[in-house]
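Subject: Structure handover

Hi,

Here is the structure for you to look at. My notes on what turned up follow below it.

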Amino acid sequence: MSDCPLCDAPGGRVLWQDEFCRVVLVDEPDYPGFLRVILNRHVREMTDLVPEERSRLMVKVCKTEQVIRDVMRPDKINLASLGNVVPHLHWHVIPRFVDDPHFPNPVWGEKLRETSHAVPAELEAQLAAALNSLV
């Protein structure tokens, strides 16, 4: 599709990919470890995939969630597949902490506080290594 930002660009820093999908680190300062699982072809909805592809994508979403849990130990994980702004199938996998700027609101909701977590310099490498070990 022309003019699709997820067809034309990675959508973040690629930590893992194969021919089917990729996992990228989103540049979101309030939410270190915010990952997206992005289908590598332009599809709008989960039901546009055949059942085997849906399963394959959800397995990667779940593995991505597990990586965040193992590496970051968040209080909660948020999963979302919205696509209202970018109608290209992708899942947001977001580590949440009780003291993050929006908790318990969604990350796109009203900000409740100014907080920041110290982000280990090696976080990106840790997430990439853990993703690659689950392939």
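Predicted model: local features only at pLDDT ≥ 70, side-chain atom pairs only at ≥ 80, totals over all residues.

Residues are numbered from 1 along each chain as its sequence is written, and side-chain values use heavy atoms, with hydrogens and water left out.

The two helices

The axes of H2 and H3 come within 10 Å and cross at roughly 135°. Axes here are lines fitted to C-alpha atoms, for helices over the stretch in contact, and angles run from 0 to 180 degrees between N-to-C directions. H2 and H3 are therefore oblique to each other. H2 passes H3 in a right-handed crossing. Helices (H or I, at least four residues) and strands (E, at least two) are DSSP runs, numbered from the N terminus.

Which residues meet between H2 and H3? From H2 come Thr64, Val67, Ile68, Val71 and Met72. From H3 come Leu123, Gln126, Leu127, Ala130 and Leu131. Contact means heavy atoms within 4.5 Å.

H3 spans residues 123–133, and its buried residues are Leu123, Leu127, Ala128, Ala130 and Leu131. They cover an arc of only 165° around the axis, which puts them on the same side of H3. The arc is that of the directions from the helix axis to the C-beta atoms. On the other side of H3, Ala125 and Ser133 are exposed. Buried means under 20% relative accessible area, exposed over 50%, and partly exposed in between (1.4 Å probe, protein chains only).

What covers the buried residues of H3? The cover includes strands S1 (13–17), S2 (21–25) and S3 (35–39), along with helix H2 (51–72).

Glu124 is also in H3. At 31% relative accessibility, Glu124 counts as partly exposed. Leaving aside neighbours within four places in sequence, Glu124 is in contact with Arg13, Leu15 and Leu25. The C-alpha atoms of Glu124 and Asp8 are separated by 23 Å, and these residues lie 116 residues apart along the chain.

The sheet

Five strands form an open sheet in the order S1-S2-S3-S5-S4, with antiparallel pairing. S1 and S4 (76–80) stand at the edges, each with a single partner strand, so one side of each is left without a neighbour in the sheet. The twist averages 20° from one strand to the next. Two strands pair if DSSP finds at least two bridges between them.

Now the pairs, taken one by one.

- S1 and S2: four bridges, in the antiparallel sense. A hairpin of three residues joins S1 to S2. Gln17 has Arg22 in S2 as its bridge partner.
- S2 and S3: five bridges, antiparallel. Leu25 stands opposite Leu35 in S3. Val24 has Arg36 in S3 as its bridge partner.
- S3 and S5 (residues 90–96): four bridges, antiparallel. Val37 is partnered by Trp91 in S5. Arg36 has His92 in S5 as its bridge partner.

S2 and S3 are mostly covered. In S2, five of five residues are buried. Cys21, Val23 and Leu25 are on one side, with Arg22 and Val24 on the other. In S3, five of five residues are buried as well. Leu35, Val37 and Leu39 are on one side, with Arg36 and Ile38 on the other. In a regular strand the side chains alternate between the two faces of the sheet.

Helices on the sheet

H2 lies across S1, S2, S3, S4 and S5, running at about 20° to S5. H3 packs on the sheet too, touching S1, S2 and S3. The direction of H3 makes about 20° with that of S1.

Best wishes

Conventions. Parallel < 35°, antiparallel > 145°, perpendicular 65-115°, else oblique. Left-handed = near helix turned anticlockwise from the far one by under 90°.
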